[in-house]
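Here is a short briefing on one protein structure. Look over the sequence and the model before reading on.

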Amino acid sequence: MSCAGGATAPVTGATGGAWDVHSDCTPDCAAHTAPRVPPTETARRCAAFARTVRRVLADGGRPADPVRLRAHARALLTALGIRLDVTGGAAGPERTEGAHATGGAGGGLRVAAGGPGTLVVGNHISWLDILALLAVEPVTHLAKREVGGWPVVGGLARSAGSHFIDRSSPRQLPHTIAALTDLLAAGHSVAVFPQATTWCTADQGTFRRATFQAAIDAGAPVRPVTVAYTQQGGPSTVAAFCGEDTFLSSLRRVLTARGLTVRVTPHPPLTAADAGDRRTLAALAARTVLGGRTRPPAPAIPAPRPHV
């Protein structure tokens, strides 16, 4: 495989389906905020990424294993020259060691063993978000159908047991929420991107409410997670995958990015008791994730619970 992705069809950041949300972000939003690495380093990363992809593809037929999936995701980030920084939200840093950091439940995406799973909700900036979350804790993902066809990322997502939805068919929404409820009730943790599209920074967009009904119905906690990208310690949009961007163009930017870090910040969990209905629960989670700080206070009087 070459870093151009071989003969794969173009993969874009927008789908135009009935579930999609309009985003003002375009490929022009993605920009380097530090000098590019020299061509020799780009070539080294390209070769390392290609080797890692071959190993991942060779391993693709085996049953899903969280330890192996986490190792693959971290190896891909390392090959791309991306540092993984996992912090503990209001509790302070849990680890800041790069993509080789030790993982597991200590990453903070799961809440407890036994009982219902956890609904992990995060903001959406890039195809790299999926790698970053898998590198911390390989939970099941609920993603648009197109993700399943993305190079490398789609294969890892399928290996993690991800469920892909057809966003061009709004009639599937009740069935999707019912399936998500069953997964959570059975003890499976599931990660979703409630923004339904990508934005170039971690403080834009809003959260759609439907998936939060599944957490309420299953009695599952909600774990807000903020994903953000920096270059040499400062905010950067170089990893953004927005609008009609292509996987190839995005990959080229990432391969030439100097000092790129993806920061994953799990926040304290929320429950239905914090809100009472999906609208308030979604708003609480969005405020936490998009603000990137601490958990907001619950409302004093919960609103009545709506029907899906």
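The notes below go from the whole chain to single elements and residues.

This is a predicted model: local features need pLDDT of at least 70, side-chain atom pairs count only at pLDDT 80 or more, and totals for chains, interfaces and linings use all residues. Residues are numbered from 1 along each chain as its sequence is written, and side-chain values use heavy atoms, with hydrogens and water left out.

**Overall make-up**

- The protein has eight helices and nine strands. Both are DSSP runs numbered from the N terminus: helices are H or I over at least four residues, strands are E over at least two.
- Of the 308 residues, 53% are buried. Buried means under 20% relative accessible area, exposed means over 50%, and partly exposed lies in between (1.4 Å probe, protein chains only).
- Take the contacts between residues at least 6 apart in sequence: 77% of them join residues at least 24 apart. A contact means heavy atoms within 4.5 Å.

**Nonpolar cores**

- The largest nonpolar core holds 53 residues. Such a core is a set of buried Ala, Val, Leu, Ile, Met, Phe, Trp, Tyr and Cys residues joined through side-chain atoms within 4.5 Å.
- Leu80, Trp127, Leu128 and Leu131 have the most contacts inside this largest core.
- Elements giving two or more residues to this core are α1, α2 (66–79), β1 (83–87), α3, α4 (153–159), β7, α7 and β9. Helix α3 gives the most, with eight residues.
- A second, separate core has 27 residues, including Leu142, Leu183, Ala215 and Ala286.

**Helix α7**

- In α7 (residues 247–255), the buried residues are Phe247, Ser250, Leu251, Arg253, Val254 and Leu255.
- Their cover includes α1 (39–58), α3 (128–136) and β9 (260–266).
- In an α-helix, residues three or four places apart point the same way, because there are 3.6 residues a turn.
- Val254 is also one of the contacts of leucine 128, beyond neighbours within four places in sequence. Leucine 128 touches Leu77, Leu80, Ile82, Tyr229 and Ala239 as well.

**Strand β4**

- Five of the five residues of β4 (residues 140–144) are buried, so this strand is largely enclosed by the rest of the structure.
- β4 runs parallel to β6 (residues 190–192), joined by three bridges. Strands pair if DSSP finds at least two bridges between them.
- β4 also pairs with β5 (residues 163–165), in the parallel sense, over three bridges.
- Leucine 142 stands opposite valine 192 in β6 and opposite histidine 163 in β5.
- Histidine 141 lies in β4. With a relative accessible area of 2%, histidine 141 is buried.
- A polar atom of the histidine 141 side chain lies 3.2 Å from the backbone oxygen of valine 139.
- Leaving aside neighbours within four places in sequence, the contacts of histidine 141 include Ile130, Leu133, Ser162 and Val190.

**Two further residues**

- Alanine 214 sits in helix α6 (residues 210–218). Alanine 214 counts as buried because its relative accessibility is 0%.
- The C-alpha atoms of alanine 214 and arginine 278 are 8.9 Å apart, although 64 residues separate them along the chain.
- Glutamine 232 is in the loop between β7 (222–231) and β8 (234–235). Glutamine 232 is exposed, with a relative accessible area of 55%.
- Glutamine 232 has a positive phi of about 50°, though it is not a glycine.

Terms used
Polar contact = N/O pair within 3.5 Å; in protein donor to acceptor, adjacent residues only side chain to side chain.
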